[in-house]
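Visitor: I would like to learn how to read the features of a model like this one, step by step. Could we go through them together?

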Amino acid sequence: MSDHMYDESYRKEWALEVLKFMVARKNHFEETLRITKEVSEALDRNDRVSVQMLLSMRATELEGIDKTIIGLEQFKQQLHPQAQQEIDQLLKEQEIEGQSPEMEKIADTAGRCRRLLQDIIAVDKRMSRHVAGADSFYKE
């Protein structure tokens, strides 16, 4: 893709592809949060079998997140340097000049992923403190 002239058609083409990666990432984050909450509930019930099963499911979702990060980075490396810069800005939820609706969705989805990650970490902290007490990975 990097040999294309940098025009609106090229911009739309990469934006749609980036949006696919971001929607997949968001979906994996949403599922990770749902499963994390279920793990927490299973821990409260002292249901070890469910915890083990759910942790395996969660690991699959986390691998999915990693794949979207790697895939997007590999895709981005094929693009025009200006496109790479614009993608980086969108992923930081920064507006860019001439931003299309697809680009706005990329930035919105990046923000949603960031908030979902914060929610997952909050549940993880509660679980860690519940299970490990003073030896929790998360220190105050």
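**Reading a predicted helical model**

Guide: Arginine 11 has its place in helix α1, where helices (H or I, at least four residues) are DSSP runs numbered from the N terminus. This is a predicted model, in which local features need pLDDT of at least 70 and side-chain atom pairs count only at pLDDT 80 or more, while totals for chains, interfaces and linings use all residues. Residues are numbered from 1 along each chain as its sequence is written, and side-chain values use heavy atoms, with hydrogens and water left out.

Visitor: Is arginine 11 buried or exposed?

Guide: Buried means under 20% relative accessible area, exposed over 50%, and partly exposed in between (1.4 Å probe, protein chains only). Arginine 11 counts as buried because its relative accessibility is 5%.

Visitor: Which residues is arginine 11 in contact with, leaving aside its neighbours within four places in sequence?

Guide: Contact means heavy atoms within 4.5 Å, and on that basis arginine 11 is in contact with Tyr6, Glu86, Ile96, Glu97, Gly98 and Met103. With glycine 98, a polar atom of the arginine 11 side chain lies 3.0 Å from the backbone oxygen.

Visitor: How should I read a nonpolar core, and which residues have the most contacts inside the largest one?

Guide: A nonpolar core is a set of buried Ala, Val, Leu, Ile, Met, Phe, Trp, Tyr and Cys residues joined through side-chain atoms within 4.5 Å. The largest here has 31 residues, and those with the most contacts inside it are Trp14, Val18, Met22, Leu79, Leu90 and Ile106. The elements giving two or more residues to this core are α1, α2 (48-77), α3 (81-91) and α4, and α1 gives the most, with twelve residues. Valine 18, for its part, touches Leu72, Phe75, Ile87 and Ile106, if residues up to four places away in sequence are not counted.

Visitor: Where is glutamate 93 placed, and what is its phi?

Guide: Glutamate 93 is in the loop between α3 and α4, its phi is a positive value near 65 degrees, and the residue is partly exposed, with a relative accessible area of 39%.

Definitions and conventions:
Polar contact = N/O pair within 3.5 Å; in protein donor to acceptor, adjacent residues only side chain to side chain.
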